[in-house]
Amino acid sequence: MSQEEKKRIVVKVGTSTLTHKTGKTNIARMAKLVSVLADLHNMGHEVILVSSGAVSIGKGRLNIAEKPSETQKLQALAAIGQGELMFMYDKLFGEYDVVVSQLLFTTDVLERDHDRKHLLDTFNQLLDYGVIPIVNENDSISVDELINGDNDCLSATVAALINADLLVMFTDTDGLYDSNPRENKDAKLIELVEEITDDIESLAGGAGARGTGGFATKIKAAKIATSAGIPVVVANGNKPTKLYKILDGGNVGTRFLPKE
């Protein structure tokens, strides 16, 4: 895959990529992410952004220090933060004259053929219009992603639905290691996974401090996408410019090969 070939790319960014440890928005990183995605769009690629971060941004907006555990509070924060998140994306993409849209839905929509077709039609029409769809689980209604997923599996399901050429999941680690790098300084990054075996799944850890996912959900998401014939790259989102190297097939993070 090269930057010159027109590709349909799904990019998923987690809460840890979009926010500081304080819970406030990482404005510089978000701006850089938008500039790279807008540039890929200008190259002719079709870009779909799956973005977490609504709860954390809502929490920061209300100056709440600790992330609440009560589901109804998380849902309310998601409702507050989602509007703020889209306002920021619209403003930043607008600087490059790129139009964005918001697509919020629950995963059960994908289980109903009729609704699934309508959703796919919407994606295709938005991409035909030259719009970048920004996707999130409708967390104020559905609690599955709030509790379990941080949008990892949603991004993979979207990639499979629209027959994407590549799924990139940005997170707060460099990729999948052969042991926990926070506990073992000699842990080695696994750059290529040809098949997701039980051994690979056993290497996945728990959730990060600011997100709800973790490598377990990324492995699960990778299984969904690779089973649909879509390659997956999991990489550190600290430098969004890595997307250029990923598109050129360079060694960035952990690449999961698709099933043939």
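How many of the six residues of strand S1 (residues 8–13) are buried? In this predicted model, whose residues are numbered from 1 along each chain as its sequence is written, local features need pLDDT of at least 70 and side-chain atom pairs count only at pLDDT 80 or more, while totals for chains, interfaces and linings use all residues. Side-chain values use heavy atoms, with hydrogens and water left out. Six of the six residues of S1 are buried, so the strand is largely enclosed by the rest of the structure; here buried means under 20% relative accessible area, exposed over 50%, and partly exposed in between, with a 1.4 Å probe and protein chains only. Helices (H or I, at least four residues) and strands (E, at least two) are DSSP runs, numbered from the N terminus.

In a regular strand the side chains alternate between the two faces of the sheet. Both faces of S1 are covered, with Arg 8, Val 10 and Lys 12 buried on one side and Ile 9, Val 11 and Val 13 buried on the other. S1 pairs in the parallel sense with strand S2 (residues 46–51) over six bridges, where two strands are taken to pair if DSSP finds at least two bridges between them, and Val 11 has Leu 49 in S2 as its bridge partner. A parallel pairing over five bridges joins S1 to strand S5 (residues 166–171), in which Leu 167 stands opposite Val 10. Strand S5 also holds Leu 166, which counts as buried at 0% relative accessibility. Between Leu 166 and Glu 46 there are 120 residues of separation in sequence, and the C-alpha to C-alpha distance is 11 Å.

These strands belong to an open sheet of eight strands with mixed pairing, arranged in the order S3-S4-S2-S1-S5-S7-S8-S6. Strands S3 and S6 (192–193) stand at the edges with a single partner strand each, so one side of each is left without a neighbour in the sheet. Strand S3 (residues 100–105) pairs with strand S4 (residues 132–137) in the parallel sense over six bridges. The chain passes from S3 to S4 through helix H5 (residues 113–128), and this β-α-β crossover is right-handed, a term used if, with the strands pointing away from the viewer, the path from the first strand over the helix to the second runs clockwise. Within this pairing, Leu 104 stands opposite Asn 136 in S4, and Phe 105 has Glu 137 as its bridge partner.

Side chains of opposite charge can pair when their charged atoms come close. With a salt bridge defined as a side-chain nitrogen of Lys or Arg within 4 Å of a carboxyl oxygen of Asp or Glu, the count comes to nine salt bridges. One of them joins Lys 218 to Asp 152, with the closest N and O atoms 3.1 Å apart; this pair links distant parts of the chain, since Lys 218 lies in helix H9 (residues 215–227) and Asp 152 in helix H7 (residues 152–161), 66 residues apart. Both Lys 218 and Asp 152 are buried, and together with Lys 12 they are linked in a network of salt bridges. Another salt bridge is formed by Arg 112 and Asp 115, whose closest N and O atoms are 2.5 Å apart; Arg 112 is partly exposed at a relative accessible area of 38%, and Asp 115 is partly exposed at 25%. In the salt bridge between Lys 73 and Glu 70 the closest N and O atoms are 3.7 Å apart, with Lys 73 partly exposed at 43% relative accessibility and Glu 70 partly exposed at 32%.

Helix H9, which carries Lys 218, has 13 residues and reaches 18 Å from its first C-alpha to its last, close to the 18 Å expected at 1.5 Å a residue, the expected span being 1.5 Å times one less than the number of residues. The buried residues of H9 include Phe 215, Ile 219, Ala 222 and Thr 226. Just after this helix, Gly 229 takes a positive phi of about 85°.
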